[in-house]
Amino acid sequence: MPLQRWKKLTEKTLHKNSWWTYKVDSFEIGNEHRGEYHYVHTLGASLVIPVLPDGRIVLVRQYRYLCDRESLEFPCGGVKEGSSYEQTAREELAEEAGLDAQIMDQVGEFNPYNGVTNEICKIFIARQLRNVESSPDRTEEFEQTPLTADDLQRRVDSGEVWDGMTLAAWSLAQKKIR
């Protein structure tokens, strides 16, 4: 038997900024229950797994304010109004890793936190890379870190790679890279 679907009655924006919109919906389940659901709406995100000609995979190290520590992760960023997933992937690859790709293949997608956001993150594998000028935002600083697939897996297993988007993307894409 299929699970009961919720019926959206209203949708209200509580706050909006450059990255996301905080919303609240009123809903009804059957005719028995009504409630509110608070969530973060985005236009999606693009994550890029850059693969060098020698097979090494490029990650970037950056500081993450909310956890007050450095994080080793794949280039990733939110889709902005008027942009596409692939365009966002190319922009994030250039901004965070200083790279451009001749080949950009979408290999999967996931929702990073489906009880809190409707965001869909699409995963791209980038190949035939060339260096380009990187121009990160004022609040961002990146250190390019190329790793073999085995070294990346060791860092995942040891907990050094702890970013959820990177962990999800690696689990979905690693067989397509190895």
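The text below treats a predicted model, beginning with the strands and ending with the helix.

**The strands E1, E2 and E3**

Strand E2 covers residues 21–29, and eight of its nine residues are buried, so the strand is largely enclosed by the rest of the structure. E2 is joined to strand E1, residues 6–16, by nine bridges, and to strand E3, residues 33–41, by nine bridges. The table sets out the two pairings.

| Pair | Direction | Bridges | Residues between the strands |
|---|---|---|---|
| E1 and E2 | antiparallel | nine bridges | four residues |
| E2 and E3 | antiparallel | nine bridges | three residues |

Each pair forms a hairpin. Individual residues show how the strands face one another. Lysine 12 stands opposite valine 24 in E2, while aspartate 25 has tyrosine 37 in E3 as its bridge partner. In the turn between E2 and E3, glycine 30 has a positive phi of about 60 degrees.

**The helix H1**

Helix H1 consists of 13 residues, 85–97. At 1.5 Å a residue, the helix should span 18 Å; the C-alpha atoms at its ends lie 17 Å apart, which agrees with that expectation.

Which residues of H1 are buried? They are Thr88, Ala89, Glu92, Leu93, Ala94, Glu95, Glu96 and Ala97. The elements that cover the buried residues of H1 include strands E4 (45–50), E5 (57–64), E7 (76–78), E8 (99–110), E9 (121–131) and E10 (143–147). After H1 comes glycine 98, which has a positive phi near 65 degrees.

Note on methods
Residues numbered from 1 in each chain as written. Predicted model: local features only at pLDDT ≥ 70, side-chain atom pairs only at ≥ 80, totals over all residues. Heavy atoms only, no water. Helix = DSSP H or I, 4+ residues; strand = E, 2+ residues; numbered from the N terminus. Expected span 1.5 Å × (residues − 1). Buried < 20%, exposed > 50% of the residue type's maximum accessible area, 1.4 Å probe, protein only. Contact = heavy atoms within 4.5 Å. Pairing = 2+ DSSP bridges.
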